Amino acid sequence: MDDTTPVHANPGYPASRLLKELATAAAHDDPAVRRAAERRAATWRRVAAGMASGLLSVGSRTPVRGLPAWVTPEVAHGGFATGEAAAGGPLRPHELDLVRRHGLREDRAALYAHHLTEAGLEHLGALLDSGGYAVDQPEQAALLTVVWLLRAGDTAAALRLLAELDPFATTLCLTPRPAPVRDLPPGAVFRYSVREVRDTLTSVAARGSGAPGVQQEALAVWNPFADRVLAHWLETAADGGTGVDAHRPDGWAARGAALLDEYERLAAEHTLCTKHRRPKENLAILLAALREAVDPAGSGVLGARRRGLLRCAVAAMTAKRGVPGSAGHAELRARQAGQAALPTYDVLAALLAERLSALPENSGVPDPDAALAPVSAAEARDSGAAAGSAIPGPLRARVEKAVIAPPEDLVELGVVPSAEVLAALVPALAAEAQASAVGDPAAARLVAANHEAFARRRSLLLLHLASQVRQGELPWVRELERHHGSAEARREAARSVIVRVGDTALTCFPGTITPNPLVSELNGLARTAEGRVPPSQVDFPFVEELASDIFMGAFSAKFTRAARRAAEVVEGTLYARYYGIDCAGVFALEEKRSGGEQTFAGLCRERAGDPPRTVPGNGTVIEQAQILTTHNLAALVAAGSRPRDGWEAAARRAHRMTVRLLGALPRVHDALAHVKNAAFAWRQTVFLLSRCTPREQRAVLAWMEEAGPPYHVRERLAPALAGLRAAVEGHTLPARGDGEARRFLGWTVGRHWMLDIAPEALLRNRHRF
C-alpha cells in the first residue's frame, strides 16, 4: 500500500457503538443512564443509516450531502457526522418565544422572513447593541452580522451574506439566544458557568444531607441517648464500679421501660444513622439486655451470655470515653454537640445556590470571597443554619470551579488540573485577542462570541490529509473581517496569547504533549500573529497528534515546515543527539515529492525501521514525526514561551510525570498505553533539559539517577537514563538506540522492551502491589 491508497471509514464502528448503547439502555440499573444511552443510540442510528444510504461521506470535510463546509454538522464520538446540522432541529426556546409574541407560523421560514422586516431588524439591533445574547452555534451569529453590515453601510456585503444563507434559512437557527451581558476583566477566564455550578449545588441540596447528615444525627441524637442507657446500666453497678446487674435501685425497671419507649420513637423519627440497629454494636447490646431485664413476662435475671456481652459493652464504652458525667466525657460530648449544630451540606448547598442566583448565569464568579463567606445572620434566619458557619471544603471547591481569574491563577487554585482543561479555556483568550483590534464595541462582542462558538465545533473524522473547516470559511466571518481594525494590533494580541498559553503549559504541564484542541487554537493565533490567513503560508505551524488507526502513511506539508523550524531550535543540542536527528537532512526535506528528494513521511518511516502498515506500525511512524517536530515544543520556544521558574525546574517536573506513569505499571490493565504516555513525557523532559546549561543538565541527570522512585521504575528507566547520560556527555545514540543505552520510545510493533525489565524483582515483591 502506498501513500495514496484510498482509506475509508469503517462502517462497523457505528454499528458496534449502536449495539453498546442499546445494551446499556436495556440493562443499566440507573434510569438516567438508560435515558442517556437511548439518546446516544438514536444518534448512532442516524450515523449508520446515513452511511448506508449515501447521505454521509465520513472522512470528508463536507460529510453531509447538500450541506456546505460552513454549516456545523452534528458530530458523534470519533468524529462521525450524524447527517443533521447542529443548528437545525426543532425550534429553540427563544425562537418559540418570538413565534408567540409576533403570532408567526411555527417554522424557521416564517422566522427568517420576520427577522428581515423592520421590526425584526430592530430586535436584532437591540441585541447587538446590548451584548445580551449567547451564540451556541456559529450560525447564530449570521443575522447579527447582517445587521451590523447594514449599519456600517456595507449593503453589498450584507446582500452577499443573505444570498449564502437563503438556501438554509428554513432549517438553521440563525439568531442568538438572549442571555445576560457578560463582561470579563481583560485576560480573565472561567472554567464553569454560574448556571452549571448552581445546577450541581441544587442537585446536592435535593439529595439531602448524605454522610454529613448521618454523622450529625449520630452526634446529636444517638450518642446522647447511648450515654443515658449506659448511665442507666451503671446504676446497677456494685460499690460504684463499672460492673453491671449487681443490684437495681427502686424505679430502675420503670425508667428502663421508658428508655425503650423513647428508643422506638427516636428510631422512627431519625432514620439516617443505622448503627444502633446492628446487633454487635454496644448500644444494641445495652438495649437488648434492657429489654430482657424489664420484660414483665420474664424473671428479670439476665442469662450468662447476655450478662457477659453487657459487661463487655459497658467496659468498652467507659474505657473509650469515660463514665457519663465525668470531666473528660463531658468535654468530648460538648465538642460533638458543637459539630452537630453545624448546618448539613444540603442546607449549605441550597444557601450557596441562592447566593449565586444574583450573578449572570452565563458568566463566572467574580468575587469568590463574597460567594464563600460564612453564613450571615439574615441567611441563618432564612435557612436554619447557624450564623457564622463556614462553607465546607467540598462545597467551596464546587464554587471555585466558576471563579473568574487569569488561567495561571486558576491552575494554582486547582481549577485547571491538566493541559486538556487549559485548552478549553484558550478560546476565550483567543476570542479576546481577535476582538481587541475591532474598533466598534458591538462588532468586537460579535467577533468574540462567534470565535468561542466556533471553538466548540466538534472535529470531524477526516481522511486523505483533509483539513478541518477554518473560521475564515464561514461567510459571516469572511464579510465581517473586512471591517476589522488595525492588523498590527491583532497580530500583537495574538502573539501575546501564544506566549502566555505556552508559558503556562511549559510551567504547569511540562510532561504532557499539546492536546489537539489547544493545537487548533494555537494555529489560528499563529495565522493571525503572522498576518497570513492561508495556512500554507504560516511559517511555524503547530501540529496535531494523529490517530494511528486511520493514518494513511502521509503527512501534510505543515509537518515538513514544522520539522525544519524545529531543527533550527534543536540543532547541536542534547535533544538532537539523544534522538539521533540529522538536522541537515531535515533542512533538505521537500514538502512534496520532487524527483529523488526524500519526503518527511519517508524520513519518518525510515527512522521507524520501515514498520508494517498496522496500527502499531503507524504509531511508530507518527512518533518519529512527533520527535522531529518536537510536537510543538520548538514552536512555543520560537514564539517566546518560557517556563516561569526556568527550564531546569520544568525538566524535573516532566520527569516526575514519567516516573508516575511508569510507577503505575504493575497495577494497570493497559500497560502499553502507560508506557506510551511515559515515553511522551520522557521526550518532553529531554527537550526541556536540552534548553538547560551543561551544568544544569548534569545536575538534573544526577538527580534522576539518585532519586528514589519505586525499584521497578529505576530498573525500567536504567537503559533510557544510560542513553541520556551518553547524550549529555556529547555522544549520539545509534539509529535504533538498542543495547544498554536505549532511546525510550512509546510505540513498538512487538512487545515493548520496558515491559520485560525487572520481572524477577516484581515476582520477589509482588505482595507490595
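**Entry 1**

I began with helix 31, residues 671-690. I read off 20 residues and a reach of 28 Å from the first C-alpha to the last. That is close to the 28 Å expected at 1.5 Å a residue. I keep in mind that this is a predicted model.

Next I asked how many residues of helix 31 are buried. The count is 16 of its 20, and helix 31 is mostly covered.

**Entry 1: The cores**

I then looked up the largest nonpolar core. It holds 68 residues. Which of them touch the most other members? I noted Y578, W682, L724 and F744. Where does the largest share of this core come from? It comes from helix 31, which gives nine residues.

I turned to helix 24 (residues 557-570) and helix 28 (residues 615-629). Their axes come within 7 Å of each other. They cross at roughly 45 degrees. Helix 24 and helix 28 are therefore oblique to each other.

Which residues make the contact? From helix 24 I listed F559, A562, A563 and A566. From helix 28 I listed A625, L628 and T629. I sorted the residues of this contact by type: six are nonpolar, one is polar and none is charged.

An α-helix has 3.6 residues a turn, so residues three or four places apart point the same way.

I picked N523, which lies in helix 23 (residues 516-530). Is N523 buried or exposed? Its relative accessibility is 8%, so N523 counts as buried, the cut-off being under 20%. What does N523 touch, once I leave aside its neighbours within four places in sequence? I found contacts with P541, F542, E544 and K558.

**Entry 2: The whole chain**

Last, I stepped back to the chain as a whole. I counted 34 helices and four strands in its secondary structure. Along its principal axes, the C-alpha trace spans about 110 × 80 × 50 Å. The chain has 769 residues, and 49% of them count as buried.

I also checked contacts between residues at least 6 apart in sequence. Of these, 70% join residues at least 24 apart.

Key. Residues numbered from 1 in each chain as written. Predicted model: local features only at pLDDT ≥ 70, side-chain atom pairs only at ≥ 80, totals over all residues. Heavy atoms only, no water. Axes fitted to C-alpha atoms, helices over the stretch in contact; angles between N-to-C directions. Helix = DSSP H or I, 4+ residues; strand = E, 2+ residues; numbered from the N terminus. Parallel < 35°, antiparallel > 145°, perpendicular 65-115°, else oblique. Contact = heavy atoms within 4.5 Å. Nonpolar A, V, L, I, M, F, W, Y, C, P; charged D, E, K, R; others polar. Expected span 1.5 Å × (residues − 1). Buried < 20%, exposed > 50% of the residue type's maximum accessible area, 1.4 Å probe, protein only. Core = buried A, V, L, I, M, F, W, Y, C linked by side-chain atoms within 4.5 Å.
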